[in-house]
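Q: Please take a close look at one part of this model. Start with a loop, then widen the view to other backbone features and to one helix.

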Amino acid sequence: MDDFQPGGAVRTTAYVAAVSRARAAWADLLPDEPVRLAKGTSNLFRRREDVTGPRLRLDGLTGVFDLDEEAGTALVGGLTTYEQLVEELLPRGWMPLVVPQLRTITIGGAVVGLGIESTSFRNGLPHESVLEADVLTGTGEVLTARAGGAHRDLLRALANSYGTLGYCLGLVIELEPTSRYVVLKHVRVSDLTALVEVISTVMAQREHEGEQVDFVDGVVFSGTEAYLTLGRWAETTEGIGIPSDYGGQQIYYRSIQHRRTDVLTAKDYLWRWDTDWFWCSRAFGAQQPRIRRLWPRRLRRSDVYWKMMAFEQRHGVVERLQRWRGRPEEERVVQDVEIPLERTAEFLTWFLTSLPIQPLWICPVRLRGEQIWPLYPMEPGQDYVNVGFWSAVPIEPGAERGAVNAAIEAKVRELGGHKGLYSTATYDEETFRQLYGGDEYARVKARYDPDGRFPTLYDKVVRAR
């Protein structure tokens, strides 16, 4: 049986002890209590009901417990942030196959909640590089899920399950070797159809104008101004220039409009979007030169902005001020969607003409293999483009809150795409079931959480339970 095997090759003494503490923490919970995880950070953007009572602590399940450089794999704690992973792995010349943009995303969170970045056009999504997952299930058991094993159904269903099937205590993941620098080329495109054509060529050939491409993402500023950023590994900056620093006064996304080429250290490249939370730091004044000079560098990071946003969400200070000024209420539109490549220009055109939100982040993605992941069923062999947009729009007179998000969901579905679930979702239960796992999710849920210790996926992401 694929049960947890503490004598396994990479299960170190420290890791086995941390798993034992997790089991003990579970045993301390009352059997009829809803289970909530104690985490110091979050990257979710949906409201949740307040839950009283103790939370499950999984202390010690962070960091790299074992690194097999010959195999290019590592055993890592499920609550390890990507910031910690990069700190531990990059000096040794390794990184996970996909490193999401924000420092405090945990690897367990990226597996059960999806993640994406500029290597996703060749490396897919984080859950695809998981060889084994030790999962604390709703029965209190710790089970090792691996392809071809007794719990392969659990491994397949983890992606996009958002902790409704169990918590990833540890993961054996594939790694890739790194270089010291990333050299960038910003390619401007003035037509959205042409943008899609460039993306298609780069994804097919993994090169552009004779140069290798290791990283691809981009920014759409308008229907006539978009940039595809192409990166490649480099061991030296000789003949290239001095690496840029976007953790200080300069702002990365603005550089894209003004520079055709650039170079960053590997670490600075991985966190280029975190310093200003893409461009969302402007909502807090952090891009105003005078404020930026006074804002400590160590506090220019996404988790600081997220805490500020969460405070506003709880207390509504700005919202009350807006009402006092007579300004309309706003609907938050914070989403990432995957659109088939051939329909991407259509989606971007619809979005830019329908909503006053700019810029948009784009990131090409293709699944690595032939496996279909039932809770987020992208088609193997199909090229997609992730489109990210994070803002708010005024609620029109007579319109209901949530109408804009519902319209986006409908458009994404019409175009054969998928929507991530880290933020507002408005689907009815039957539509949601069809899109996110259906009968297969129900079977896995019944097997690994028969007593309903965790909420269902619909309850968690739509009903905010």
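A: This is a predicted model. Phe278 sits in the loop that runs between helix H8 (266-270) and helix H9 (289-294). Its phi is near 60°, a positive value in a residue other than glycine. Phe278 has a relative accessible area of 6%. The cut-off for buried is under 20%, so Phe278 counts as buried.

Arg206 also has a positive phi without being glycine, near 55°. Arg206 belongs to the loop between helix H6 (192-205) and strand S8 (207-208). Its relative accessibility is 38%, so Arg206 counts as partly exposed.

The bond joins Gln358 and Pro359, with omega about -5°. Pro359 is found between helix H12 (344-354) and strand S14 (360-365).

Now the helix. H15 spans residues 438-448, and Gly438, Tyr441, Val444, Lys445 and Tyr448 are buried in it. Viewed down the axis of H15, these buried residues fall within an arc of 125°, so they line one face of the helix. An α-helix has 3.6 residues a turn, so residues three or four places apart point the same way. Asp439, Arg443 and Ala446 are exposed, on the face of H15 turned away from its buried side.

Technical notes:
Residues are numbered from 1 along each chain as its sequence is written. This is a predicted model: local features need pLDDT of at least 70, side-chain atom pairs count only at pLDDT 80 or more; totals for chains, interfaces and linings use all residues. Side-chain values use heavy atoms; hydrogens and water are left out. Helices (H or I, at least four residues) and strands (E, at least two) are DSSP runs, numbered from the N terminus. Buried means under 20% relative accessible area, exposed over 50%, partly exposed in between (1.4 Å probe, protein chains only). The arc is that of the directions from the helix axis to the C-beta atoms.
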